[in-house]
Number of protein chains: 2
Amino acid sequence: MKDRRRQERGKQRSEQLLAAAERVFASAGYAGATTNHIADEAGVSPGTLYQFFPNKQAIAEALAARYADRLAAAHERARMGGLERLSLTALVDRMVDPFLEFHREAPAFGALFVESQVSPELAGRVAELSQGFAGRLSAVFREWSGRRIDFLPTAEVCVHLFKGLLPLAVEGSAAEQRRGVKELKAVMVRYTEPILGPGKTKRTPNPKPRPTPQHDAA
Amino acid sequence: MKDRRRQERGKQRSEQLLAAAERVFASAGYAGATTNHIADEAGVSPGTLYQFFPNKQAIAEALAARYADRLAAAHERARMGGLERLSLTALVDRMVDPFLEFHREAPAFGALFVESQVSPELAGRVAELSQGFAGRLSAVFREWSGRRIDFLPTAEVCVHLFKGLLPLAVEGSAAEQRRGVKELKAVMVRYTEPILGPGKTKRTPNPKPRPTPQHDAA
DNA sequence: AACCATTGCGAGCGGAAGCTCGCATCGTCA
DNA sequence: TGACGATGCGAGCTTCCGCTCGCAATGGTT
């Protein structure tokens, strides 16, 4: 009874601290964040923080682990309903949109995902995150294309494209963000198109599927 | 006479310190580098370091400014001889190769160029670097395509592609680096092709210029 | 040789950040 | 209600880092 209560409280505190850490990491980055600030943001004392996490790094690792799970779940959801009948553009939408939406509701994700120059252990966790993403992407490519090729290298390039273009897709005005997202998707489509092949059952089987996309805003 | 000598010595010391800072920034990043370490690496005392630079940030700014000049010069050199008769692939080579070579001989460049989470002033300097790069790229696109369009947005996307794929092109084994460079160029070509148009005087005027590039290593 | 401006040194200062520890508070049970 | 373990607090310890300042070494001029 007592233990149960204690565990529940602990879970709550833990969540509370992780949420606070998320906000602080998002605004200051990992290196710029201080544990005192995180504790403050959570409304608890530094001592309480250290009852739940052995050190600052562990907080970021816990966030990374949670993000890895959530992102995998989001992509699993995106795969429901099958992929074979999608155009390449739609396929890219299916992979990019959940990722961006996830990024929006987990703002510290970007900071941890992109930020280099962290401790080796944390870097390892983040690398796992990227690898998981790449693995899922390559599986999707394989399923969609029907080819029995190892798409992992291609997927890894795509992950780096994500990282590189993420700032364009989430920073600046709403219009700039829309542009950023569009360019991100365009890059993905144009890069993967010759590698994935035309696909088997597409909605646009005519020889000129996309009329050579241009900048619409001159 | 005395002044002349003093100035010469000062320049030497300054160079010495910048070279040391370059090594330290390259291996530890900006935040991870310590001024004491830089002074040590240069074989001087912290006090001497602070005779030439008011603070740590100024060191990085001096490096950034020097990098901006050098990179601009490298690109200017790459434009010599005209661009009109080049294929798009060759054009991308002309812009990417100097950049990569520059990165190799100025290893701290990548750390400063990619690293986020620095002081606003330094971030501004780095942003200038990116903008200069994007500006030159857009001018090249304009000259090559012959179209009187503003290619700056496209060029900015390209700069972000660079940043994102740079790790793939400069880390890992030599074979991995070659692959990384190849993919970087492939991304550039495929992304810009529909925007830049087919070009006017190309070496490959047949309707199927590149036979749908694939992964060569399966 | 004597002098002195310039250059160089490095122990140490000020402060910030991660983390701790002894004490206060709370909640449960006799 | 009193006692006692669990929970929470926050001042402060330890370490590290950017930066300084008083003193020593240098070398050119007289």
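This briefing describes a predicted model with chains A and B. Local features need pLDDT of at least 70, side-chain atom pairs count only at pLDDT 80 or more, and totals for chains, interfaces and linings use all residues. Residues are numbered from 1 along each chain as its sequence is written, and chains are lettered from A in the order in which they are written.

Chain A has nine helices and zero strands. A rotation of 180° superposes chain B on chain A.

**Chain A overall**

- The elements of chain A run α-α-α-α-α-α-α-α-α from the N terminus. Helices (H or I, at least four residues) and strands (E, at least two) are DSSP runs, numbered from the N terminus.
- Chain A has 218 residues, and 36% of them count as buried. A residue is buried if 20 or more other C-beta atoms lie within 10 Å of its own, exposed if 12 or fewer, and partly exposed in between, with C-beta atoms placed from the backbone.
- Take the contacts in chain A with a separation of 6 or more: residues 24 or more positions apart account for 65% of them. Two residues are in contact if their C-beta atoms, placed from the backbone, lie within 7 Å.

**The nonpolar core**

- The largest nonpolar core holds 115 residues. Such a core is a set of buried Ala, Val, Leu, Ile, Met, Phe, Trp, Tyr and Cys residues joined through C-beta atoms within 7 Å.
- Leu112(A) and Leu112(B) touch the most other members of this core.
- Beyond its neighbours within four places in sequence, Leu112(A) contacts Phe25(A), Tyr30(A), Ala60(A), Leu63(A), Ala64(A) and Val126(A).

**How the two chains meet**

- Chain B puts 31 residues into the contact, and chain A puts in 31 residues.
- On the chain B side, helix H1 (2-32), helix H8 (152-170) and helix H9 (174-196) each supply at least two residues. H8(B) gives the most, with 10 residues.
- That side of chain B divides into 16 nonpolar, 10 polar and five charged residues. Here Ala, Val, Leu, Ile, Met, Phe, Trp, Tyr, Cys and Pro count as nonpolar, Asp, Glu, Lys and Arg as charged, and the others, Gly among them, as polar.

**Symmetry**

- The 180° rotation that superposes chain B on chain A has 0.0 Å of shift along its axis, and the RMSD is 0.1 Å. The two copies are therefore related as by a two-fold rotation axis.
- Copies are superposed by least squares on the C-alpha atoms of residues with pLDDT of at least 70 in both.
- Among the residues of chain B, Gly164(B) comes closest to the rotation axis, with its C-alpha at 1.9 Å.
- The same surface serves both copies, as 100% of the contact residues of chain B recur in chain A.

**Helix H7**

- H7(B) covers residues 120-145, which makes 26 residues. From first C-alpha to last it reaches 36 Å, close to the expected 38 Å. The expected span is 1.5 Å times one less than the number of residues.
- Buried residues of H7(B) include Leu122(B), Val126(B), Leu129(B), Phe133(B), Leu137(B) and Trp144(B).
- The buried residues of H7(B) pack against helix H4 (56-79), helix H5 (88-105), helix H6 (108-114), H8 and H9 of chain B.
- In chain A, Trp144(A) lies in H7. Trp144(A) counts as buried because it has 22 C-beta neighbours inside 10 Å.
- Trp144(A) and Leu86(A) are 58 residues apart along the chain, yet their C-alpha atoms are separated by 8.2 Å.

**Helix H9**

- H9(A) has 23 residues, and its end C-alpha atoms are 32 Å apart, which agrees with the 33 Å it should span.
- Gly197(A) follows H9(A) and has a positive phi, near 80°.
- Ala174(B) is found in H9 of chain B. Ala174(B) counts as exposed, with 7 C-beta neighbours inside 10 Å.
- Arg190(B) also has its place in H9 of chain B. Arg190(B) is buried, with 21 other C-beta atoms within 10 Å.
- Leaving out residues up to four places away in sequence, Arg190(B) touches Arg190(A) and Tyr191(A).
- Arg190(B) and Thr89(B) are 101 residues apart along the chain, and their C-alpha atoms are separated by 9.5 Å.
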